[in-house]
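Open the structure in your viewer and keep the selection tool at hand.

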Amino acid sequence: HADPYELYKYFHVSKVGSSIGTTIGGGRSLQQVFFNRQLDTNIRNDTVQETFISSVQAWVNMLLMSSAGPVKSIVGACATTALTIDVAVETIKSGKAKVMMVGGVEDVFHESTYEFDNMGATINSAKKFVRGRTPPEMSRPCTSTRSGFVEGQGAGIVTLMSVTAAIEFGAPIYGVIAMSGTATDKQGRSVPALGKGVLKSAREVAVGASPRLLDFGYRRRQMELRMISVDELRVEELHVLEDAAGSLGSHTSESHSVLVDQTKAQYQRERRSLQDTWGNEFWKNNPAISPLRGSLAVWGLTVDHIGMASFHGTSIVANDKNESDVLNTQLKHLGCTPSHVVPVVCQKWLTGHPKGPAAAFMLNGVIQNLRTGLIPGNRNDNNIEKDFEAYDYALYLSKSIQTSGIKAGLLKSFGFDQVGGELLILNSDYLFATLTQEQLEKYNDKLQQRDTKASRYWQDILIGNHLFVQVKRHAPFTAEQEKSVYLDPLARAKYDSKSGEYKF
């Protein structure tokens with residue numbers, strides 16, 4: 001959407017939140033505070049504010065969003081974005097927000113690069129040049145010649161919405177976050193050491209027979225039976241209100257109407273609760289159904305439907321082997337068909353390792369894979385390490401392959417500080433299949449209108465009519481309106497054709 005304030009036409013300002021993080025903070029500002037200040041050079045007195053982790057999302061909100069929603073700053077080393085997405089998903093599920101801006105940013109500066117090199121985490125480019133490697137060949141995930149990551153940088157920001165919010169807004173739905181999770185690891189003395197904590201998403205015990213809860217038809221019958229009871233209670237309660245209104249006289253008609261609306265809304269919430277219980281939440285706290293299996297079963301899928309795995313794949317010796325072992329162990333424990341292999345995507349051979357936004361880069365890649373069915377190969381993987389032959393379920397491609405379609409992708413992100421993240425992303429077609437024909441047509445109409453506006457916006461950028469990012473100069477409400485907007489959950493912005501802006 002061209003104007004972020006359009007969100008407030010559909011949602012209250014308290015329902016648009018932010019969870020954007022980074023690894024260290026403002027690198028150049030840190031240099032100013034800890035180095036230049038000691039030299040008594042002239043630097044800004046407020047430089048320290050740009051060293052805070054939360055300053056990134058603060059500037060996004062101050063310059064673009066002007067929201068009053070939940071804010072959750074995340075510091076997660078290389079897995080920052082995976083953590084922000086997990087936090088955002090839980091925030092939306094809890095009802096605290098309907099829209100979350102999430103992601104990570106990272107810059108490259110001398111101190112960071114120098115210290116990562118001292119740790120032995122990055123490649124030694126001088127040695128690589130001696131061996132005849134050109135810069136594009138130096139990031140070599142999963143190969144026998146991998147020896148550290150290549151520095152990357154940038155930002156990756158993702159807009160997450162609840163399904164109902166995305167459909168109401170007419171936002172493009174590129175994929176579905178079916179599962180998100182984070183994990184720490186075991187006891188140790190090494191902060192960078194990578195562990196196997198993310199295995200927990202496959203935790204389950206065998207019970208002899210497959211739990212009936214995994215049966216889509218069984219869950220549907222149970223939900224429908226309970227829906228009948230809820231509808232009967234709703235009808236009975238409305239009869240009680242009708243009888244009460246008749247005995248009190250016509251002067252209570254207005255209050256009676258309000259009570260009827262409240263009763264209908266209450267039972268509608270109960271119906272949604274049943275849908276959550278039997279649709280999305282049925283597997284939780286069940287030792288026989290792992291989070292990964294349960295999240296797939298919500299959509300009628302099994303572990304065999306995972307069509308690709310996006311690896312953190314930093315080209316660090318320990319990381320790539322550990323990650324391969326984790327994936328293979330998960331699939332084996334969940335009973336994945338032995339003949340089923342999962343192609344591994346290690347896109348850092350191309351992008352390098354941007355640390356904070358790494359999972360955002362990877363998520364963007366997974367979405368492209370799901371939409372096109374194309375699985376990109378690792379062009380530098382011409383010598384896969386021999387030890388990786390033990391991982392039967394992982395397929396390491398050196399060339400891209402075109403599939404007939406990918407149903408689900410599994411993304412992993414490992415970071416220093418005992419931080420691991422994992423995401424299960426589904427093809428958006430599974431979501432669209434749950435809509436009625438009328439709902440789908442209405443959504444498509446909104447989507448096409450939005451696409452037209454977006455195309456026009458891009459054209460105006462290209463011909464120089466305006467910049468890509470148009471910084472806001474004022475909030476969508478006046479100073480006099482501010483308190484009332486915050487306190488009124490039904491306050492919504494409207495488009496003012498005269499000024500071309502959304503206002504309260």
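A residue is called buried under 20% relative accessible area, exposed over 50%, and partly exposed in between (1.4 Å probe, protein chains only). This is a predicted model, in which local features need pLDDT of at least 70 and side-chain atom pairs count only at pLDDT 80 or more, while totals for chains, interfaces and linings use all residues. Residues are numbered from 1 along each chain as its sequence is written, and side-chain values use heavy atoms, with hydrogens and water left out.

**Stop 1: the surface**

Select Met 62, which lies in helix H3; helices (H or I, at least four residues) and strands (E, at least two) are DSSP runs numbered from the N terminus. Is Met 62 buried or exposed? Met 62 is exposed, because its relative accessible area is 51%.

Helix H3 (residues 55-65) gives the largest share of the patch, three residues.

**Stop 2: the cysteines**

How many disulfides does the structure hold? It holds zero, a disulfide being a pair of cysteine sulfur atoms within 2.5 Å. Select Cys 346: its sulfur is 3.9 Å from the closest cysteine sulfur, in Cys 142, so the two are too far apart for a bond. Cys 346 is buried, at 5%. For Cys 336 the closest cysteine sulfur is also in Cys 142, but 18 Å away.

**Stop 3: the charged pairs**

The whole structure has 14 salt bridges, each a side-chain nitrogen of Lys or Arg within 4 Å of a carboxyl oxygen of Asp or Glu. Select Glu 385 and Arg 146, whose closest N and O atoms are 2.5 Å apart in a salt bridge. This pair links distant parts of the chain, 239 residues apart. Glu 385 is buried at 14%, and Arg 146 is buried at 5%.

Next select Lys 355 and Glu 151, which meet in a salt bridge (2.6 Å, N to O). They are 204 residues apart in the chain. Lys 355 is buried at 2%, whereas Glu 151 is partly exposed at 22%.
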